Amino acid sequence: MQLIDVTNSYAQTIRQQLLKTSAHFIKVFTLGNSKVVYRKKRDVAEIVISNKIRPVTDKEISYVEDELLGQDSSKATITNEGKIVEISLNN
């Protein structure tokens, strides 16, 4: 598995999100057929993993947590809705 940074492909959308929300950092990645959006607000990190074709696997969730949150991944809250997974971490 590999996270591929595709943030530049979403530059206009990201620019609008940064202007309209309290987020100060947004990155977009692909993980095979899954799209991963990583946003940071002051004390909160949010990750959304989505896949239009199939449910997101536990292996993908663990991989994304380890890559983006590192040691803090054990403190994260995960909401799994099948094809959409939300991971949040309050610092």
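1. In this predicted model, the side chains of Lys 41 and Glu 46 form a salt bridge, with a nitrogen-to-oxygen separation of 3.8 Å. Lys 41 is partly exposed, its relative accessibility being 26%, and Glu 46 likewise falls in the partly exposed class, with a value of 22%.

2. Glu 46 also takes part in a salt bridge with Arg 39, where the N to O distance is 3.2 Å. Arg 39 has a relative accessible area of 25% and is therefore partly exposed, since that class lies between the limits of 20% and 50%. Through shared partners, the salt bridges link Arg 39, Lys 41 and Glu 46 into one network.

3. Another pairing to note is that of Glu 60 with Arg 54, whose side chains meet in a salt bridge at 2.8 Å, again from N to O. Which of the classes, buried or partly exposed, does Glu 60 belong to? With a relative accessibility of 5%, Glu 60 counts as buried, because the cut-off for that class is under 20%, whereas Arg 54, at 28%, is partly exposed. Over the whole structure, the search returns 5 salt bridges, among them the pairing of Glu 60 with Arg 54.

4. Turning to the nonpolar residues, the largest core contains 17 of them, and the members that touch the most other members are Val 36, Ile 47, Ile 49, Val 64, Leu 68, Leu 69 and Ile 87. Two or more residues of this core are supplied by each of strand 2 (25-31), strand 3 (34-40), strand 4 (44-50), helix 2 (58-69) and strand 6 (84-90). Helix 2 provides the largest share, with 4 residues.

5. Ile 87 deserves a separate remark, as one of the members of the largest core that touch the most others. Leaving aside residues up to four places away in sequence, Ile 87 is in contact with Ala 45, Glu 46, Ile 47, Ile 49, Ile 61, Glu 65, Leu 69, Ala 76, Thr 77 and Ile 78.

How values were computed:
Residues are numbered from 1 along each chain as its sequence is written. This is a predicted model: local features need pLDDT of at least 70, side-chain atom pairs count only at pLDDT 80 or more; totals for chains, interfaces and linings use all residues. Side-chain values use heavy atoms; hydrogens and water are left out. A nonpolar core is a set of buried Ala, Val, Leu, Ile, Met, Phe, Trp, Tyr and Cys residues joined through side-chain atoms within 4.5 Å. Buried means under 20% relative accessible area, exposed over 50%, partly exposed in between (1.4 Å probe, protein chains only). Contact means heavy atoms within 4.5 Å. A salt bridge is a side-chain nitrogen of Lys or Arg within 4 Å of a carboxyl oxygen of Asp or Glu.
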